Amino acid sequence: MPNRPTLDPYAILGVSRDATPLQVARAHRRLAKRFHPDLHPGEDLSEHMRRVNDAWRILSSPSRRTEYDAAHPAAGTPASGHWASSRREFRPAPPTTTRTWATWRATAAETRAAPRTRRQPGEQPTPVTRRPPRIAPLERSFRDSGWAALLAAIVFLLILVAAIVSGRLG
């Protein structure tokens, strides 16, 4: 291996020292897409890709990462100099208003002031969906109700009782 200067793998991948393995993997994947020679054939990115892979080799293994952290206690911190991770912690600003996302669309006064759509009598509005319209229920007759089934059951039981009484079944 040629005599190369030692670079901070945290700075190369752009992650902080307390980054999770998932954050390290995502940073490696992002940089691999950016610097892979096969994806960018006209550019000489092999040195960048080698650095990214060396950093990944160190930080992807818990044992090698622990060994590196013990040997380089200042790596990945602002004290490590030029090659330190330059990203600051991201803290979103608190909201400047208490309005919810739904109220940003229009206030009640704006809604009332909006021009109305006038339809002719009997005109149906155009549906905003591609779903077919609901099927209208058919008129129910006596046969469709439960009363018809109940009446048929009573008639059947009366015929059965009459047959038993007359002695034909039994």
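This is a predicted model: local features need pLDDT of at least 70, side-chain atom pairs count only at pLDDT 80 or more; totals for chains, interfaces and linings use all residues.

**Packing and charge pairs in a helical model**

Beyond its neighbours within four places in sequence, Phe-35 is in contact with Leu-45, His-48, Met-49 and Val-52. The largest nonpolar core comprises 16 residues. Phe-35 is among those with the most contacts inside this core, together with Leu-13, Val-15, Val-24 and Leu-59. The elements that give two or more residues to the core are helix H1 (9–13), helix H2 (21–35) and helix H3 (46–60).

The wider architecture may now be considered. The protein has six helices and zero strands, and read along the sequence its pattern is α-α-α-α-α-α. Of its 170 residues, 18% count as buried. The protein exposes about 15,000 Å², of which carbon and sulfur atoms supply 59%. Among contacts with a separation of 6 or more, 59% join residues 24 or more positions apart.

The charged side chains complete the picture. Side chains of opposite charge can pair when their charged atoms come close. With a limit of 4 Å between a side-chain nitrogen of Lys or Arg and a carboxyl oxygen of Asp or Glu, the count comes to four salt bridges.

One of these is formed by Arg-17 and Asp-69, whose closest N and O atoms are 3.5 Å apart. This pair links distant parts of the chain, since Arg-17 lies in the loop between H1 and H2 and Asp-69 in helix H4 (residues 62–71), 52 residues apart. Arg-17 has a relative accessibility of 22%, and therefore counts as partly exposed.

Arg-50 forms a salt bridge with Glu-47, with the closest N and O atoms 2.2 Å apart. Because Arg-50 and Glu-47 are three residues apart in helix H3, about one helical turn separates them. Arg-50 also meets Asp-54 in a salt bridge, at 2.7 Å from N to O. Asp-54 and Arg-50 both lie in helix H3, four residues apart, which is about one turn of the helix.

How exposed are these side chains? Arg-50 is partly exposed, with a relative accessible area of 24%; Glu-47 is partly exposed at 38% relative accessibility, and Asp-54 is partly exposed at 25%. Glu-47, Arg-50 and Asp-54 belong, with Arg-51, to a network linked by salt bridges.

Conventions: Residues are numbered from 1 along each chain as its sequence is written. Side-chain values use heavy atoms; hydrogens and water are left out. A nonpolar core is a set of buried Ala, Val, Leu, Ile, Met, Phe, Trp, Tyr and Cys residues joined through side-chain atoms within 4.5 Å. Buried means under 20% relative accessible area, exposed over 50%, partly exposed in between (1.4 Å probe, protein chains only). Contact means heavy atoms within 4.5 Å. Accessible areas come from the Shrake-Rupley method with a 1.4 Å probe; for residues, only the protein chains shown count as cover.
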